[in-house]
Amino acid sequence: MGGTKWAGLVVGMAVFVGVAGVGPAGTAVAADPVSPGIAVAPDLPELEFAQFDPAGSNVVPATAAPATDIKSAPAKTFAAAVAAGTYTCPGFSTVDDKTPLEYLYKDTYAWGPYAPYQVGNGSGNINWRLNPYKNPSWYMWFHSLRWLGQGIMVASQGGTTAMNRVTTIVRDWVRDNPYSWKADVGAYEATMHRTNVLICVRQAVISGLRVTTLPAAYAWLDTALIQHAAFLINNWSGAWNHGTDESIALFGIGCTLNRTDYKNLAQQRLAAGITTSIDAQGSTNEQSTAYAQFNYNLWGRAVTVLEQCGASAGSTINTRRALMAKWLALATDSLGNLHQIGDSEVVRTNPVAGTPTEYAGTRSASGTVPPAKIGIYSAGYVFGRTGWGQTRAFEQESAYSIRYGPSRALHGHSDHTAITYTSRGRPILIDGGHAGYQNDVWRTWAKGQFAHSAMTTPLSAEKYPATKLNRSVGTANSEFYEFSDVPATGISRVRGVLVLKDPDLIVTLDRASSKTAQQFQTLWHLPSDQKATVYSRTTAIGAKAGDTSRTILFQIPYRQALPAGAILIKQAQTKPIQGWHYPNIFTRRSAPTLMFARSGYSASILSVIAPVHATGSVLYKGRWSGTTYVIDLTVGGVKTSFGITAAGSLYRVS
């Protein structure tokens, strides 16, 4: 958890501290008797924004065969687990960071970049329909009750003022939101989180009052937990992080109330979900790198929860997580961040000791060098890199991602054939980012085709195609991939991608044809700290003043002349939206987008993206060698050549 909350408390450990609160009128409250407090599990690297699309379906069927090794443990083990006492409060995932005790005593809630807001009358009577900032994340976390976390912890240590306010607010939620609350999407989606808060409150009452069982005056907490169990039973979200969180919460109720039926159903759902949520190659089904990292940790928590309360987690979960750790390492760029794909903010790769992410996440500072540099995943990801920092600094390597595969789903964007690229210690090609979950034009843009470095067809409605990887060839110093799809009715699109090492650069050949006249626009999204300048019909440069490198982007005439306006810069536009980057959901930055443009019934756009020294240059010359077109390049003084076969394959010549 981020932020300083109270002196002496260490998350995950019970320690003795003196507790003194501030009363509703701001007067000091005498210190209460002190108990050790409750244990809290370490925070997961959970995405702080709302994890759902208010406009879409949030149910994902489990399609793979379920695991068969998640089951109740032998009775002897179960009895020992029950005696040990067994479902650790999962904590509050930083949602409570900005809501200290003094705010709780004023019924004030604060989250994210928004100003604190008084949500009640000052006595614990809350208006649960408030959403002053019209933000689904603010509203969902409001209904999660996680913002009560600091008060819950003080209550667990014997703070009666904190306990009274926390339990008053929680009981007010229960009264004002009778079962079933499904019609309110924020309350609905927060159920799994709120369930855990109810369990934490229950533990806090027992700990703070120094009793061993829940007093009769708080029996309404168990009634609320049973209602939440009923909701979770009747509304399983299936095989993705929501369904996993829900199953863990249902198991937690079963563990807390000793309900075998709850635990058995939760185990069945976890067994059904794991094999779809993380496939046999270790890919997430959520089409987002940030959510992949969250799911890795969430399934780790599932293992801990099962084993702490008398169930066997088996081996399937940990086997799939080990595969995902390799996936996450390969999905790490040369700056130590996950490639920003889908509903992902710019996030660091979390280094987990003993896994490939340790080396990737620490940028080679510790851990073992992953054995692979290239990963091709049937779920629709290509990850590649020049190396792991063994012959040059980790940050000076180049790393790339390319998207393809199944149609857009869950946290995915319309990003098929799109490329992200880091090199020379900086971002080179970026994704438009994640604009949050509010239903507005910015989210539409960020999820849509125009926020990604791919060929687009703006005159036709996109069809969210499935995209095929037709072929791939790897050598010691280059990789080639070819993708094809039908991005809109009557339009075919093929992208060839050639990635070179020494010199590091990317070449793409975009070919498209249409039954009707179209605009064909290959977009290249550049980092927000760079300025883009067009130098000719062929060439543009992206550079930051004072930087040690720049990016030269150019298009080579190939089977099609370059028209006037073949290169355009789009930046900070609002009609239509173009030229922006969201590093996180709260920040939108102006960022240059280069457009290589054609119009007509077909297009052939041959692009080169070359990161070079700040004073470096690129020279090229094209020639025919039989039916192969060869381009000779001099990149920062280094000569290389690549060829294009008659069938459209790209390969390194020298």
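In this predicted model, L145 lies in the loop between α3 and α4. L145 has a positive phi of about 70° although the residue is not a glycine. With a relative accessible area of 0%, L145 is buried.

**Backbone geometry**

A second residue other than glycine with a positive phi is R424, where the value is near 55°. R424 is placed in the loop between β8 and β9 (426–429). At a relative accessible area of 30%, R424 is partly exposed, whereas L145 is buried. Most residues other than glycine have a negative phi, and most peptide bonds are trans.

Two peptide bonds are cis. One joins Y179 and S180, with omega about -5°, and S180 is found in the loop between α5 and α6 (185–189). Another joins K575 and P576, with omega about -5°. P576 belongs to the loop between β19 (573–574) and β20 (577–578).

| Site | Feature | Angle |
|---|---|---|
| L145 | positive phi | about 70° |
| R424 | positive phi | near 55° |
| Y179 and S180 | cis peptide bond | omega about -5° |
| K575 and P576 | cis peptide bond | omega about -5° |

Eight of the eight residues of α4 are buried, so the helix is largely enclosed by the rest of the structure. The buried residues are G149, Q150, G151, I152, M153, V154, A155 and S156. The elements covering them include α2 (101–104), α5 (160–176) and α7.

The packing against α7 can be described in more detail. The axes of α4 (residues 149–156) and α7 (residues 191–208) come within 7 Å and cross at roughly 25°. An angle under 35 degrees counts as roughly parallel, and α4 and α7 are therefore roughly parallel to each other. On the α4 side of the contact are I152, A155 and S156; on the α7 side are V197, C200, V201, A204, S207 and G208. I152, A155 and S156 are also among the buried residues of α4.

**Aromatic pairs and charges over rings**

The whole structure contains 31 aromatic pairs. In one of them, W138 and F142, the ring centres are 5.3 Å apart and the planes stand at 40°, so the pair is tilted. W138 and F142 are four residues apart in helix α3 (residues 136–144), and are therefore separated by about one helical turn. Both W138 and F142 are buried.

Another pair, Y404 and F483, has ring centres 5.6 Å apart and planes at 45°, so this pair is tilted too. Y404 lies in the loop between β7 (399–403) and β8 (419–423), while F483 is in strand β12 (residues 478–488), so the pair ties together parts that are 79 residues apart in sequence. Y404 and F483 are buried as well.

W138 and F142 also belong to a cluster linked by ring pairs.

The charged end of R259 is over the ring of Y262, 4.2 Å from the ring centre. R588 lies over the face of W580, and the distance to the ring centre is 5.4 Å.

**The annotated span 388–541**

UniProt lists residues 388–541 as "domain: Heparinase II/III-like C-terminal", in an unreviewed entry. In the model, this span is 5% helix and 47% strand, and its end C-alpha atoms lie 28 Å apart.

**G643 in strand β26**

G643 is part of strand β26 (residues 638–644). Its relative accessibility is 0%, so G643 counts as buried. Leaving out residues up to four places away in sequence, G643 touches T628, Y629, V630, S649, L650, Y651 and V653. D632 is 11 residues from G643 along the chain, and the C-alpha atoms of D632 and G643 are separated by 8.8 Å.

Methods: Residues are numbered from 1 along each chain as its sequence is written. This is a predicted model: local features need pLDDT of at least 70, side-chain atom pairs count only at pLDDT 80 or more; totals for chains, interfaces and linings use all residues. Side-chain values use heavy atoms; hydrogens and water are left out. UniProt positions are given in the numbering used here, feature names are shortened, and annotations may be inferred rather than shown by experiment. Helices (H or I, at least four residues) and strands (E, at least two) are DSSP runs, numbered from the N terminus. Rings of Phe, Tyr and Trp (its six-membered ring) pair if their centres lie within 6.5 Å; planes under 30 degrees apart count as stacked, over 60 as edge-to-face and the rest as tilted. Buried means under 20% relative accessible area, exposed over 50%, partly exposed in between (1.4 Å probe, protein chains only). A charge sits over a ring if NZ of Lys or CZ of Arg is within 6 Å of the ring centre and within 35 degrees of the ring normal. Axes are lines fitted to C-alpha atoms, for helices over the stretch in contact, and angles run from 0 to 180 degrees between N-to-C directions. Angles under 35 degrees count as roughly parallel, over 145 as roughly antiparallel, 65 to 115 as roughly perpendicular and the rest as oblique. Contact means heavy atoms within 4.5 Å.
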